[in-house]
Amino acid sequence: MLPRYTLYTLVILCASCLPLDSSEAGSQSAVKDMFCRILPRHCMNISTNVNKDLGHAITLSSNTNIHHLEINASSVNELIRGFSYYLRQVCNTSISQFGYEMSMPSVLPTLNSPIVFKSQRMIRYFGNICSYSYSFYFWDWGRWEQYLDWLAFQGFNVISVPLAFEDILKDTLIHFGMKMSDVLKFFTAPNYLAWLTMGNLKKLNGPISLKSIQNRAYLHGKIVKQLYMLGIRVVQPVFPGFVPDQFIDLYPNQKFLKARCWNGVNDSFSCLTQIDPLSEFYVNVSDYFVNNLLKRYPSSHLYSMDMYNENTPQNSSLSYLSKVGNMSTLALKANDPSFIWVLQGWTFGYDNFWTQERVRAYLSLIAKSRILILDMFHDTSSTSSLIPDKYYIWAFINNYGGNPVLNGNVLEAINSFRLAFKNSSNIIGIGYMPEGIYQNTVLVDALMLYTFVNETASVFFENWTKRYAQNVYGLKKMTWEAEEFIATFYSQSQSRYYDFYVMYKLPHLHLKYINNWNITNVKRSIQHIILYLQRHENLNYLKNVFLYDLVNAAQVFVDQSFFLLHKNLLEAYRKRNIKLFHTSRHKMRHLFLVFDHLSSFVPERSLACYVDKLKEFSTENNYSLDETVSSFLMQTTIWSTSGNINDYAFKTWSLLLTRYYLQRWEFFFDHLHASIIDDVPFDEYSYNSTIAFFQNNFYGHIITDNCVITKNSGEKIVNIISKLLTP
């Protein structure tokens, strides 16, 4: 049975509270071009028509004689929604974050009768500035175009694009007296620019190349134009007040503040200089920035600016905070009276400084219609209670640091979303804000589709799970094995999931670990899906999105097995049992080697393939490949040259598994072995020194391995996992 698409009256009332329509006007020709990228053999048999009198109704109809599909809707954005519905519900197929992997018949399936449904008016927001540094920083236009199609297909109608920030800031700083060479030195390497924008970092792995800034601005323009043509609104960044230290000498009569050092990073790369936000000088610099942004790019009246992201204000008085909040928007008011300030709720949830009283003071002078807060913790720990009189986006992060892991609880998230809408008229949309992409497409797909239906969570989950196996995973049948697979891996607690994995943590005698998995259920679920694949599917035609999740599922089993062996290893150490020690070490090492080999068959999990992508980026942006790779490896391992966020952005990729994570365990094994053989305490000092030296030098590692993409990777992946599961 097809899902019932209806209109939430509550959502209409809430969305109309902001001076913001749900989408841009767009272009039907751009939508047709998108259809042709997705269905090149069929797109000429699809016609579209926009009729604003339809009132958010979408109609699908067919001419059965010529296999022609007609989509009628009240906006360009809703034409895409109709197309998405047709592919999912009629053709049983879908695109994914991995591209246009489609299984379509030779002619378009026809409809026996027209399908009419409503598209509710709601903000569906995508974007986290961190993903532009963890995932997007090296992308070219071809990759971006593909990803934008997926975002539009999923129903997103407001998207954050910060890529022009550096170019406009560069010109602003030069206008106010800085030299180009000093400006470029202020910027970080491209994969750290998100934290410069938020005032956390400067200079790290810089200077940036001028070509890189120019290419980012070029992409920004292309992306913004494409989104407008697809009927999608864009959030663009404005000036938060952070400047190079030289500004203090250039303007000795102006007042400047010194931001606190971020996450333990030293003042060479953090502790940024900030123009006093209460000064007229701040407003003047901000005005120049905003004015230039609006001259270069069309505006949706949506602007992001986070002055206090993980950066505590130095004055806690309520009057001060109130004035700062107001001054932050003066340049926007002057240049765009219809502005809406888009603010990360992360600011308030992260820092205990932000009591309800202080948050309310900070935003007290901002009209309710001029601010939209992204409640990034809403699926786990909402911050909306701090400011009940502002508008919010219910948002979920779903990924930290670009870690390739399974995470999420679909039913929990859906129920949280539904309950939030029921209890608050200030929540006017849903947001997907991952720090890194590719992970957990299941949860994204479920939540986004749920915003278009009117069903209980349990009924929706049952219907959706059956179709997801066919639509996205591309399996031939709606099998119970696939339903079990999804239910097993997307029903765990919504805890910070990077505490779930042992193999990628720094080895220690007192390793902390949160076990949210039942290894028996995990093994059984994988066994069932493997048996189904071997019996019913052509293993060499499995879709990348499915293989990626299948390897992620295997990762859970491998890590659980590793955890049990780790317990045996520590028992061997305590009891001085050298035989048990050698057995445990051998099996733990074997798991690393096997999983490294398994990951090598998925290009998105291969360090060698990632480095291949960085080659073109480095050439086009005037960097050496070695410095680009080094910057990435630093971020993935120790994150920065100082600080306390080691392993935050861990990647369970081939080559990294054996050359970095396994090597750390080998040092641990060696020190345990010495302790057992010599019957002496574990030498913490020697171990810590060895680890520190290794970690602080690994990012200079040269990667020369070739990226090998195997045509029959599906068969190899299934066979390796099958052997892993065999006792």
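Please keep in mind that the model is predicted, so local features are described only where pLDDT is at least 70, side-chain atom pairs count only at pLDDT 80 or more, and totals for chains, interfaces and linings use all residues. Residues are numbered from 1 along each chain as its sequence is written, and side-chain values use heavy atoms, with hydrogens and water left out.

Let's begin with strands. Helices and strands here are DSSP runs numbered from the N terminus, with at least four residues (H or I) for a helix and at least two (E) for a strand. Strand β15, residues 427-432, is mostly covered: 6 of its 6 residues are buried. Buried means under 20% relative accessible area, exposed means over 50%, and partly exposed lies in between, using a 1.4 Å probe and protein chains only. Two strands pair if DSSP finds at least two bridges between them. Strand β5 (residues 123-126) runs parallel to β15 and is joined to it by 4 bridges; there, Phe126 stands opposite Tyr432. Strand β14 (residues 391-396) is also parallel to β15, again with 4 bridges, and Ala395 has Gly431 of β15 as its bridge partner.

Elsewhere you can find an open sheet of 3 strands, in the order β8-β10-β9, with antiparallel pairing. Its edge strands are β8 (242-243) and β9 (256-258), each pairing on one side only.

Now for a pair of helices. Two packed helices are described by the angle between their axes and the distance between the axes. Helix α21 (residues 544-575) and helix α27 (residues 713-725) have axes that come within 11 Å and cross at roughly 15°. That makes α21 roughly parallel to α27. The axes are lines fitted to C-alpha atoms over the stretch in contact, and angles run from 0 to 180 degrees between N-to-C directions. Angles under 35 degrees count as roughly parallel, over 145 as roughly antiparallel, 65 to 115 as roughly perpendicular and the rest as oblique.

Which residues meet here? On the α21 side they include Leu547, Val551 and Phe557, and on the α27 side they include Gly714, Ile717 and Leu724. Contact means heavy atoms within 4.5 Å. The residues of this contact divide into 11 nonpolar, 2 polar and no charged. In this grouping Ala, Val, Leu, Ile, Met, Phe, Trp, Tyr, Cys and Pro are nonpolar, Asp, Glu, Lys and Arg are charged, and the others, Gly among them, are polar.

Ser133 sits in helix α4 (residues 131-134) and counts as buried at 2% relative accessibility. Leaving aside neighbours within four places in sequence, Ser133 is in contact with residues including Tyr192, Trp195 and Gln635. Gly474, in the loop between α18 and α19, is partly exposed at 30%. Beyond residues up to four places away in sequence, Gly474 touches Ala469, Glu537 and Lys543.

Finally, look at some backbone details. The peptide bond from Gly206 to Pro207 is cis, with omega near 5°, and Pro207 lies in the loop between α8 and α9. His56, in the loop between β1 and β2, has a positive phi of about 70° although it is not a glycine.
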